Amino acid sequence: MKHDRGNSLVQTTRSVRTIRKEGERRFAELEWPGPSDEMWRRTDVSGIDFESFKPDSSEVQTELPRDGGFELETFNGGTGRQNLSGDAVSTLVFHASGSRDRVEAFHYSRINNGFTLRIPAGVHIEEPMVLRFAGGKPGTHEALFGRIMAEENSSAQVYIILEDADGSETLRTAGFHFEVGRGSRIKAAAIQDLSLNSKHFGFHSASIDRDGQFTFSEIDLGAALSVSAPVFSTLGEGAQVDIIGLYAATGAQHKNLRPVQRHAEPYGSSNSLYKGALLPGGRTIFQGLIRVEPGAVRTDAYLSNKNLLLEDGARADSIPSLQILNNDVRCTHGSTTGKLNPEQVFYLQSRGFSSDEAKRLLLWSFYDDALGKLPELVAESVRERLLKHPIFSAGED
């Protein structure tokens, strides 16, 4: 493991300023999202004073394999640890310049905490790597980044967790960028479990080279307002992407999930399953997209979204879509939204379960297939977090 502290503070500060300036430049070009913006018209951010949140950064907590075999560099503007390579700067400038809206540009204009992780060619790391960001003080904004590079024929598991103190009101923006080299195998997860008073915006991406395999678990449980807009791109023949999304919304939560499965080269495949449950007052918007570029023949892609409304008063908008720019592909999508089956609830009650116990059992059954696709460590963490979420704790004595 490498912690490179060779860059001077002046050099690093200047390089980080380059990223922020590019974010500021793009920010000035754009307007705040409004009702005329298709991707934002169901999620109103006009009442958020983004700039009122004071920049801050927390100390990253890591659980890493003892044997090493990887290189980790960290940057933290709040603690003075400022390690950021030229490659990382270039990557972040690229993403800042391509910000799709003003919220994303604002994120890059305030980058203040993150890491770069490199898995060298031919290296296979069996133990999971966990990076946990526990959040700053109430009223603060933490702008996180991560660049994860898996070089040719390597493999690893990388899990990133976003948390903060119960009851805290913070703003968290994040962009984690995965680069999966030729023939590499990467399993990754991003778990968002912030306070129900906080706000979260995620702008993640992944590029998968020839014959690479990328498995991504997106877990969205916390925050009063959460927007997630990841883009997964197959950039080599035979690249494969598998995505599992799992979310939950109580009455105080609004979630907008906008994953993009983008195919740029032939013979790529992608498969996604997003599942969420909602209590009364909860609102979710799923705007998943499969986009196939003109040259990406023989693409095989599937997109699925399933929602469970636990009571009247919950709302789930599901808008999966396809953009197919050639005719030699197999691409499909599916969506279902429904309520608990009263006959199943009655049957379980007839077997001695209370009404609340029966509903919770059926809720676990709804999530079961998605949980079964998660890596073991992630599934265990998600089960524990779900038990604490109001969708399971509501109605308990």
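I will go through the pockets, then one lysine, then the nonpolar cores.

One thing to keep in mind is that this is a predicted model.

Which of them gives the most? That is helix 6, with seven residues. Sorted by class, the lining of the largest pocket has ten nonpolar, ten charged and five polar residues.

Now the second largest pocket. It holds about 400 Å³ of space. There are 18 lining residues here, and nearest the centre lie Phe 94, His 95, Ser 205, Val 231 and Ser 233. At least two residues each come from helix 2 (86-97), strand 9 (171-180), strand 12 (205-208) and strand 15 (231-234). By class, this second lining has eight polar, six nonpolar and four charged residues.

Next, please find Lys 255, in strand 17, which covers residues 254-257. Is Lys 255 buried or exposed? Its relative accessibility is 0%, so Lys 255 counts as buried; the cut-off for buried is under 20%. What does its side chain make a polar contact with? The partner is the side chain of Asp 220, at 2.6 Å. Setting aside neighbours within four places in sequence, Lys 255 is also in contact with a number of other residues, among them Gln 192, Leu 221, Tyr 247, Arg 283 and Ile 285.

Last, the nonpolar cores. The largest has 44 residues, and the members that touch the most others in it are Phe 115, Leu 117, Phe 178 and Phe 214. Take Leu 117 as an example. Not counting residues up to four places away in sequence, Leu 117 touches Phe 70, Leu 72, Met 129, Ile 148, Met 149 and Val 158, and also Glu 71 and Arg 147. There is a second, separate core of 32 residues, including Ala 277, Leu 362, Tyr 367 and Ile 391.

That is what I have for today.

Technical notes:
Residues are numbered from 1 along each chain as its sequence is written. This is a predicted model: local features need pLDDT of at least 70, side-chain atom pairs count only at pLDDT 80 or more; totals for chains, interfaces and linings use all residues. Side-chain values use heavy atoms; hydrogens and water are left out. Helices (H or I, at least four residues) and strands (E, at least two) are DSSP runs, numbered from the N terminus. Ala, Val, Leu, Ile, Met, Phe, Trp, Tyr, Cys and Pro count as nonpolar, Asp, Glu, Lys and Arg as charged, and the others, Gly among them, as polar. On a 1 Å grid over the protein atoms alone, a cavity is a set of points where a 1.4 Å probe fits but cannot get out, and a pocket is an open set with protein on both sides within 12 Å along at least five of seven lines; lining residues have an atom within 4 Å of a point. Grid points are joined across faces, edges and corners, and a volume is the space filled by probe spheres set on the points. Buried means under 20% relative accessible area, exposed over 50%, partly exposed in between (1.4 Å probe, protein chains only). A polar contact is a pair of N or O atoms within 3.5 Å; within protein, one must be able to donate a hydrogen and the other to accept it, and residues adjacent in sequence count only if both atoms are side-chain atoms. Contact means heavy atoms within 4.5 Å. A nonpolar core is a set of buried Ala, Val, Leu, Ile, Met, Phe, Trp, Tyr and Cys residues joined through side-chain atoms within 4.5 Å.
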